[in-house]
Amino acid sequence: MKANRPKRDVHPDLARERLKCNFNIEEVTNIIDGGKDKTLERKKIEDIALNNGACLDEIPDECLSIKERYENAIRKSCIYSNIVRNEMLEITGMENFESPVLRRTADAFFKDISPFMLHLGMFVPTLIGQSTPEQMAEWLPKALDMKIIGAYAQTELGHGTFIRGLETTATYDPDKEEFVLHSPTITSYKWWAGGLGKTANHCVVMAQLYTQGECHGTHLFIVQIRDLDTHMPLPGIKVGEIGPRMGFSSADNGFLGFNSFRIPRQNMLMKHAKVEKDGCYVKSAKHGKLTYGTMVFIRVTLVSEMSFNLSKAATIAIRYSAVRRQTELRPNEPEPQILDYPTQQHKLFICIATAHAFQLTSKWLWDTFQAVMADVRKGNVDALPELHALSSCLKAVSTSDALSHIEQCRFACGGHGYMLSSNLPFIYSFVAATRTYEGDYTVLLLQTARFLVKAWEQAESGNNVTPTVAYLNRTANTKRVVWDNTHEGIIQSFQAIAAGKIGQCVRSIRDRIKSGMDYEDAWLMTTVQLVAAAEAHCRAVLVNTYWNEMIRLTKSSSANVKTVMHQLAVLYLMYWALEKTGDLLKYSSVSKQDLDDLQRRYEELLAALRPNAVSLVDAFDLRDEILHSSLGSYDGCVYERLMEEAQKSPLNAEPVNPSFHKYIKPLMQGKL
Ligand SMILES: CC/C=C\C/C=C\C/C=C\C/C=C\C/C=C\C/C=C\CC/C=C/C(=O)SCCNC(=O)CCNC(=O)[C@H](O)C(C)(C)COP(=O)(O)OP(=O)(O)OC[C@H]1O[C@@H](n2cnc3c(N)ncnc32)[C@H](O)[C@@H]1OP(=O)(O)O
Ligand SMILES: Cc1cc2nc3c(=O)[nH]c(=O)nc-3n(C[C@H](O)[C@H](O)[C@H](O)COP(=O)(O)OP(=O)(O)OC[C@H]3O[C@@H](n4cnc5c(N)ncnc54)[C@H](O)[C@@H]3O)c2cc1C
């Protein structure tokens, strides 16, 4: 049911903030969206979804039981997927089913997550990326039309990171032309898959393929797990929900076990390898890791997902900080807006800048991904290692940075930020999971480090390396870069830090090998440094890409938009330079005086951005229905909304709770 939202006047403090704005908000929105036409398309889609849909719940999700929350999420998912299927895809085009606009609009329906998210987010992309044309023709229309609902079941109780260690088996039986899926141990049970517990009737399963007595490693299979009519689990399938967790509380993450469960041979996803009718295994892929393609795709999309989540948190915290007043600065003066405190600006303006950095970088990464995939389709896999290294580190660093900045947004809202009605705890717990899923932070940075060590060795011996590590050709044999406090200078310093750290890792590994260790142990002993080196490389990529994209995208912007976009990018560079002063001292000629100057310029920049702060978050153009926040709504009526939300607590449904008569009164009377 749709709740009515009282219309309120904009809080005078927010109204005053908006009058201070000196740039064209719409222009900035267009840059974030990727162009004026994209903004128009997004707004049209949001109008369709929000005018049709059941966006607001009368009872907040957090006041429902687990079962009620799931059922409500399913109800809304069905409404939303109907709108997606019947109206939105007409606008975006069917091929853009994973468009960030659909993802963003979904937030108006789900404070937490839809149980259908993984159907569109991973099941469908896996069908597209891993099927033969015949398989695609069979499964994809049904999936897009919601005739079948899928999940992505890869992780097991015993293994998530180490995919080669998965235990589920798929053994080919040539007599019946079927695979037999089996879960031989408790640790082989599939675990975690979103939407698998109660919602999905199909799933993609990763299993060790056995044929003709030989194991060929992990492959993907499409498996029907429930009857399409009764929804009962099929015989041989044990499926259920894994229980309450930190977030993802409206979805049904599931477990799944197989007891010699048979599927037709054609259900192996055979784009990159196949099993012939007689059991003969034929590999067609030019790269052994193409079956990991869905993970690379999601890692790429997560960078823009992080920008979106950070923009929500920043909008909430900055609007709140404009209406919240606290502490007299001087006796008898009005209390200032907390946004006037430089410490508050330090917590929050970096969130705006980071949302831009991730958004602009994510578009560039998406284009890179598309170009590499086009090459792969033509049989050229040369750029795959670089894409894997890039998507791994950007996923790791963007999710980790977003998480810590979102936590800063919560700190910035004091006690009220702890309220679920602020939405900050939901955003935080959603993003907390992203640091782990689709590859844990450390694990992915170590993947990038493998690539970097090889690239460093190439550069050291004078060979040209691939574009994202091209800075190694300049810096691999340089000891310290000369400090220069321009944006070019700061970007080069980040590259010098990365090169210096990678070089140090290579030397540590070599020294350890010289002292008698084998390569594996030398690598293992160096992993703390390797993670730091990969993070440094990622920061070098981020500052460089953000800067270049900002310049490119503001070429035809008005003067004041150019200025404010420039200020945000400089803020981003300075913030990270100041965070990494130890590294700068180690790998550049920066002096104490230079760092003091940088700190002063950073503080001046916070003050320069202050008048535009509210308008910069307005430029994210997040409708109240998407923000779901008592603290962050456009009108800034924070206290009225907090009080309104409090009334909805089930504990306020009756003046005296029965537990008083049952326990407290007897306790007071000494009768308990
Ligand atoms: C109604 C609908 C409502 C709403 C929906 C609306 C819209 C939805 C639309 C869109 C949704 C958009 C976004 C989705 C957002 C959120 C998603 C939500 C939830 C997600 C839930 C999470 C799912 C999962 O987590 S799935 C499981 C993921 N698991 C992992 O990531 C595991 C991590 N581990 C690994 O990746 C690997 O094991 C490994 C660590 C990489 C190691 O692999 P392996 O041991 O096999 O390899 P080696 O170490 O031996 O390396 C050998 C060699 O290969 C290179 N390598 C490894 N991987 C790759 C690769 N992928 N590509 C290329 N190369 C690779 C490796 O580097 C080595 O190279 P060298 O030998 O040269 O060094
Ligand atoms: C909310 C949520 C949703 C999910 N949805 C899905 C889904 O839909 N489908 C699916 O298949 N999976 C899903 N997953 C599972 C997810 O992909 C895994 O949890 C993730 O890949 C991490 O693997 P793990 O749990 O095995 O952690 P582990 O690998 O056990 O990690 C534990 C710790 O060990 C460290 N570690 C592990 N290996 C190494 C190493 N080689 N070197 C150094 N340190 C190491 C890690 O850094 C980490 O600190 C989901 C998880 C979550 C939290």
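I call a residue buried if 20 or more other C-beta atoms, placed from the backbone, lie within 10 Å of its own. By that criterion, I find that 46% of the 672 residues in the protein chain are buried.

I note that this is a predicted model, in which local features need pLDDT of at least 70, side-chain atom pairs count only at pLDDT 80 or more, and totals for chains, interfaces and linings use all residues. Residues are numbered from 1 along each chain as its sequence is written, while chains are lettered from A and ligands numbered from 1 in the order in which they are written.

I looked up the overall extent next, and the C-alpha trace of the protein chain spans about 90 × 75 × 60 Å along its principal axes.

I then turned to helix 8 (residues 293–323) and helix 11 (residues 424–434), whose axes (lines fitted to C-alpha atoms over the stretch in contact, with angles running from 0 to 180 degrees between N-to-C directions) lie 10 Å apart at an angle of about 160°. Helix 8 is therefore roughly antiparallel to helix 11, a label for angles over 145 degrees. For the contact (C-beta atoms, placed from the backbone, within 7 Å), I list L302, N309, K312, A313 and I316 of helix 8 against L424, I427, F430, V431 and T434 of helix 11.

My last entry concerns helix 9 (residues 342–377) and helix 16 (residues 527–553), whose axes come within 9 Å and cross at roughly 85°. These two helices are therefore roughly perpendicular to each other, the label for 65 to 115 degrees. Among the residues making this contact I noted W364 of helix 9 and Y546 of helix 16.

Terms used: Helix = DSSP H or I, 4+ residues; strand = E, 2+ residues; numbered from the N terminus. Parallel < 35°, antiparallel > 145°, perpendicular 65-115°, else oblique. Contact = placed C-beta atoms within 7 Å. Buried ≥ 20, exposed ≤ 12 C-beta atoms within 10 Å, placed from the backbone.
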